[in-house]
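Please look at the sequence and the structure shown here. The paragraphs that follow lead through some of its helix packing and its nonpolar cores.

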Amino acid sequence: MRAYWCVFRMRRRMELQYRGAALGGFICQLFFGLILIALYRALYAGKPQAVPISHISSYVWLQQAFFRMLLATDPDLADKIRTGSIAYDLCRPLHLYTYYYVRILAQKLVGSLLRAVPMLAVACLLPEGWGLASPAGASALLTSLPALFIGLLCVSALENITMAFTMRTLDPRGMQALLNMLMMVFAGNILPLTLFPDSWQPIITRLPYAQLLDAPIRLYTGDYAASAAPGILLLQSAWTVALAAAGLLFWRVNQKRMVVQGG
Amino acid sequence: MSYITVEHLRKTFTVRKKKDRGFLAREKTTVEALKDVSFTVKQGELVGYIGPNGAGKSTTVKVLSGILTPDSGAVRIGGRVPWLERKEHVRRIGVVFGQRTQLWWDVPLLDSYDLLREIYRVPEADFRRRMNELSEALDLGSLLRTPLRQLSLGQRMRAELCGSLLHCPELLFLDEPTIGLDAVSKLALRDFLQWENREKGTTILLTTHDMEDIAALCRRVMVLGHGSKLFDGALEDLYARYRNALPVQELTVQYPNIDHVIAAMYQELGL
């Protein structure tokens, strides 16, 4: 158990090792956030949408703040599989799926915390309609936090499946490119899911990708009423359990047929 | 009662090769990495495991360390079957894969060791004592706070070794551990392995192409070729058998270069 905790400490060390990269990423995302909001404001000036612009700007900033939760794969893990250094992990007295899950989780958690805090601080200072609006209410904030946490568990389970695919193909790029594209679109990173047509909503909000960031953001902005929160948390949890179970099974099959090539 | 028992071990791999003609056509061939290997090792033995490239040495190590499941055959190490009781088995062994890395690339060595300490649940005091032993033997003292990526190949190799020995394994697999080491480090490493073997009674299986390592460390050698065991016995016997193969200038020295002996043997066996 303590070994798994230690992985978090290691990740923190690693993130702090590259402070320049963190700063660069922060500036880049700040820029992206502003551009996106300017774009949506232009769109709204021509044709106002049903969703208020302050919700959209909050949506964009929360997406940017937790960007590292979605699109950040640990290159070390894929490299380990590719080069065969995974052989070392196979001779540790650890549960392999859990060890990799924790490493993915640690990277996403520590990475996003490091970015989210300054990002949200800046976003709060921006004027209404440009920045991050305060949550729809105390209950909105209180339900969005556990939703965000379950989203984190869910995205880690999703990514561990990508790792299992990498063990088959030995190259993470194909699978990652495909899954990242789906993630960008259906997690609401390219276009907030709230702006998709109404007829799409029943489907896209039930996909696993919507459980990652879209659900907690909608709870925060009040797009989802607080009374709907239990159902949403339940759906998120169900996806998380399903994805973790699928990943666990995939890993177990892989471990049986695994070959570590070369001497 | 032997510590390691290996009986009729077999492992095949499927290799897909490109055909001579055509862009897409490929043929499936089966490579028999281990054909029928049997041996036993007693507790506290230091055995050299040699053979030409592609002989199946690393495959054996991977099977014995619980990474690969063999096609058939029986293996018992300290009463356990490695691939069936993986977690219990690996807690007691240490492995060094000379070509791969187990330490974290971006963080100082000490942090990587700390994680290993947690993984193997080594008590703090034991860890500190062991760390002192190892950093002295492997001359790591000044490197402990340096990130792995800034170390040279030889330094990295020493750091890897330290990582594999931290939890005082009772069985140690060394797969080409002296790659990239300078003369001084190599000698220090040999001394250390001898000490570890003598004082702690650690059983060591050493795979290498460096015959000096074998000559310095192992009284018993096993030679593997084409997936079969070809020789198992004392190093002196191997010398005696292939004495004719030695070039004249080597005959007068007390310890002839063993590379000639091995090369002659491989040649005779058609490897």
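Helix 7 of chain A crosses helix 12 of chain A in a right-handed way; a crossing is right-handed if the near helix is turned clockwise from the far one by less than a right angle, and left-handed if anticlockwise. The contact (heavy atoms within 4.5 Å) involves A:Leu96, A:Tyr97 and A:Tyr100 from helix 7 of chain A, and A:Leu243, A:Ala244, A:Gly247, A:Leu248, A:Trp251 and A:Gln255 from helix 12 of chain A. By class, 7 of these residues are nonpolar, 2 are polar and none is charged. Ala, Val, Leu, Ile, Met, Phe, Trp, Tyr, Cys and Pro count as nonpolar, Asp, Glu, Lys and Arg as charged, and the others, Gly among them, as polar.

This is a predicted model, in which local features need pLDDT of at least 70 and side-chain atom pairs count only at pLDDT 80 or more, while totals for chains, interfaces and linings use all residues; side-chain values use heavy atoms, without hydrogens and water. Residues are numbered from 1 along each chain as its sequence is written, and chains are lettered from A and ligands numbered from 1 in the order in which they are written.

Helices here are DSSP runs of H or I with at least four residues, numbered from the N terminus. Helix 7 spans residues 96–125 of chain A and helix 12 spans residues 229–257 of chain A; the two pack at about 125 degrees with axes 10 Å apart. Axes are lines fitted to C-alpha atoms over the stretch in contact, and angles run from 0 to 180 degrees between N-to-C directions.

Helix 3 (residues 109–120) and helix 4 (residues 124–137) of chain B pack at about 135 degrees, their axes 11 Å apart. The crossing of helix 3 of chain B with helix 4 of chain B is right-handed. B:Tyr113, B:Asp114 and B:Arg117 of helix 3 of chain B meet B:Glu124, B:Phe127 and B:Met131 of helix 4 of chain B. Here 3 residues are nonpolar, none is polar and 3 are charged.

B:Tyr113 also belongs to the largest nonpolar core, which has 153 residues. Such a core is a set of buried Ala, Val, Leu, Ile, Met, Phe, Trp, Tyr and Cys residues joined through side-chain atoms within 4.5 Å, buried meaning under 20% relative accessible area with a 1.4 Å probe, protein chains only. A:Tyr99, B:Phe39, B:Leu109, B:Tyr113, B:Phe173 and B:Leu238 touch the most other members. Helix 7 of chain A gives the largest share of this core, 12 residues.

Methods:
Buried means under 20% relative accessible area, exposed over 50%, partly exposed in between (1.4 Å probe, protein chains only).
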